[in-house]
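Let's take a look at this protein together. Have the sequence and the 3D view ready, and follow along as we go.

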Amino acid sequence: MVQRSSDENGLVSFDYEPSISEGFCPSAVVRFKSEKAVTDSDFSMFQSYIAANGANTYKTTDPKMLGLYNKWVQFRNEQTAEYIARIRSALAVASPQTKMAVTTRNSVSGFPLSVAANGPSASDLARHMDIAMPQIYLVWTTRSVKNVIKFTELWANEIRAAGATTKLWPLLLLRNMGLSSGNPASWLHQQTLAALVSGAQGVIFYHPHNFEASHWNMLSDISEELALFENYYADGVRADASFSVSNMPTTSLTEPVYPGYDSVVTNAYWHFTVHRLGSKYLLTLFNLQESGNLVFPVSTSIPNIAVESMRGTTQTANLSFTVAPNTTAFVVLASPDGQNPTAPSNLVASALAQEVSLSWSPSTDNVGVTGYQIERCVGAGCVNFTPLTSVSTSPFSDTSVAFFTVYRYRVRALDASGNMSSYSNIVEVTSSRASFVACSTVTQNTWSTFPGRNLSYGTPYDVFSPATLLVKAQCTPSDPTTFRVDLGNEGNMTMVFSTKGYYYASGSWVQYTSSCSGVQNGNWCQGYGSATVTDPAISTASASSPVYLVGMTCQVQGGAWKCGCRDTTCSSFYWQVQGAGQ
């Protein structure tokens, strides 16, 4: 890869398409059965079923088989993400300047059916790449454009939510090798623009050696259009909320997607987006009908807005535009108010129970401030801010935060014409945990017989300081189906614990993953952390019939690491068990 990148101006790409029927190497099988609490007999039955049914396994109506399949998909998500992360890490050491681009399947977590049909969720890998190139192979009809939009937006949203800097370049299909039919130039033209208006930074075509003269002409047209409008897509912001269209066809249609599942699209024969750049707005109008003009009657809340330029459309009335079939049109609107609001000031953040509260001093404007855009990024010192939400006034509470996570925020003001102020000061805050109290717990020195296991276990407390629980359960009175697992000793950064643990409910062991407040290396964290577990079985737990949870904590004693102790000799490592009632 390093050699290849030197031949390709610092960019290296490869194809990675793990399927659901792969990954059954011996070490992975052992890990899967252990981490997902799957018995030997159940795994043997599952492996035989998947060998016989392959990609159709997700269609099973057998509840047990479906449960095993879902566990396997989750495991494959973790397994494949770790694999790509290791490649990226090794490449960064060997050649820091190299950018890694990966072609994947189209499966995206925001569309669960795509994950079930494909196996692993390819979008979970995106945060470990410089460029993600999902195979959005859609070739059958003009309404494929709507599925390009659907998949691209889902991928872009997931990359943004992860706080990743990954660039999104969907792989669009001209014609599969061996197929006589494919995307004509007009369809590929619309799919390309559809990807770019939906959050992609580029596109890839497969296979360009099948291009005909019409496709080369299409590329020339797109190049000319992007020369005029790409700044709106690349540097502008979506402003759809300030505009609407009326009296449009509302048809919903279903399209088959490889490798054999259906995707439903709404408003199948048209699409409409708005991007704002400064005081100007770009309307991108898609007529996806194969015949018949479409009229787009546009309304907006922005006062005194006027048409500045048009391409591919005629204006039939004030803000009403006619677009020919299989055509994408562009309209640039300008607002006469070009004055920006003043920047918000004195932005302050405070961590409350499972939320972050923001407040700031208001902005002013020559016409009037209509709202504030709040942006957020994840990690100490992060700079890759993405829009979180828009609000009309201060204060605002962000309830989407994870436990013990560092966030940075900034705010800017908007007016009715879409003018935006410069940014406020940036604030950085570490989120807190929810309001939990100690559960009724069951603690004993050793556990020999145990649901689902006949093993010995370590104690949940620190055997060198017995008053300190290292694996403990916290409950919330407002939700009897939820508890929190605390691992380590809050504030103690010398301990190490496994971020992977298990709890026993409804007759089976289920894995949980905790946060890490400290330094994380794979599944291990030096510091302390917590995980929130929700399961209906928790509501019926009691001291006499607890929900069991296990974890593994380690500390240095006498110059040696001691993990999962049962007593101060700590002669062997054990999972540490805590029993939790309500």
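## Ground rules

This is a predicted model, so local features need pLDDT of at least 70 and side-chain atom pairs count only at pLDDT 80 or more, while totals for chains, interfaces and linings use all residues. Residues are numbered from 1 along each chain as its sequence is written, and side-chain values use heavy atoms, with hydrogens and water left out.

Let's start with an open sheet of four strands, in the order 8-13-16-15, with antiparallel pairing. Strands here are DSSP runs of E with at least two residues, and helices are runs of H or I with at least four, numbered from the N terminus. Two strands pair if DSSP finds at least two bridges between them.

Which strands stand at the edges? They are strand 8 (243-245) and strand 15 (314-317), each with a single partner strand, so one side of each has no neighbour in the sheet. Further in, strand 13 (residues 294-300) and strand 16 (residues 320-323) are antiparallel partners over four bridges. In this pair, L294 sits opposite V323 of strand 16.

## The second largest pocket

Now find E82, R127, H128, K500 and Q520: of the 18 residues lining the second largest pocket, these lie nearest its centre. A pocket, on a 1 Å grid over the protein atoms alone, is an open set of points where a 1.4 Å probe fits, with protein on both sides within 12 Å along at least five of seven lines; lining residues have an atom within 4 Å of a point.

Helix 4 (residues 63-94) gives the largest share of this lining, six residues.

## Disulfides

How many disulfides are there? The count comes to four, taking a disulfide as a pair of cysteine sulfur atoms within 2.5 Å. One of them joins C516 and C525, with sulfur atoms 2.0 Å apart. Its torsion about the S-S bond is about 75 degrees, so this disulfide is right-handed. The link of C554 and C563 is right-handed too, with 115 degrees about the S-S bond, and an S to S distance of 2.2 Å. For C565 and C570, the sulfur atoms are 1.9 Å apart, but this link is left-handed, at -80 degrees.

C516 is buried at 16%, and C525 is buried at 0%. C25, by contrast, is partly exposed at 36%.

How values were computed:
Buried < 20%, exposed > 50% of the residue type's maximum accessible area, 1.4 Å probe, protein only.
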